[in-house]
Amino acid sequence: SSKVRSHQRIKREKGEFIGAYAPYGYCKDPENKNCLVIDEYAADIVKEIFAWKIEGFSLNAIAKKLNRRHEQSPKEYKLSNGINFNSGFQGSSTPKWSSVQIKRILTNEVYIGNMVQGKHKKISYKSEKTIWMPKSQWIVVENTHEAIIEREMFETVQRMMQERTRIG
């Protein structure tokens, strides 16, 4: 267990992706599973989400907009691409976009090309319990993959979310 943990830590510090599922907007590189490549369909939706937030839309308004357009939620998209995805959450039979998903996308540095890992850790391989790590202990490696969002746009959205400005 300790050897596995140390090997995973080394991979994280190198900026290699070690997660089971790539974040929405990306997919694992078929030639190197530790690298992320842009998934054009989902990346376009991520760009729209950021643009709508800059226009001043609330998280809920963005989710409603995507649901009205019948865009596949991240879970639906993974399932439609043949990825056997189980989040552990019991949802409706037809997953929809929610403000929580929008917030996760808008606050995730992966979209500016940074690999952020080590947000939580398991207490033991024998236990299912995880503890969330303080942000100061996260492993962040910059410029590990192609960005979907420009850094300036990302930082603008972060400021807006702290100010809680919204329309619609």
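**Exercise 1. Determine how the span of helix α1 (residues 2-14) stands against the expected value.**

Solution. Helices here are DSSP runs of H or I with at least four residues, numbered from the N terminus. Helix α1 has 13 residues. The expected span is 1.5 Å times one less than the number of residues, which for α1 gives 18 Å. From first to last C-alpha, α1 reaches 18 Å, close to that expectation. Just after α1, G15 takes a positive phi of about 90°.

The model is predicted: local features need pLDDT of at least 70, side-chain atom pairs count only at pLDDT 80 or more, and totals for chains, interfaces and linings use all residues. Residues are numbered from 1 along each chain as its sequence is written, and side-chain values use heavy atoms, without hydrogens and water.

**Exercise 2. Classify the ring pair F50 and Y111, and state whether each residue is buried or exposed.**

Solution. Rings of Phe, Tyr and Trp (its six-membered ring) pair if their centres lie within 6.5 Å; planes under 30 degrees apart are stacked, over 60 edge-to-face, and the rest tilted. The centres of F50 and Y111 are 6.4 Å apart and their planes stand at 65°, so the pair is edge-to-face. F50 lies in helix α2 and Y111 in the loop between α5 (99-107) and β3 (115-117), 61 residues apart.

Buried means under 20% relative accessible area, exposed over 50%, and partly exposed in between (1.4 Å probe, protein chains only). F50, at 0%, is buried; Y111, at 2%, is also buried.

Key:
Helices (H or I, at least four residues) and strands (E, at least two) are DSSP runs, numbered from the N terminus.
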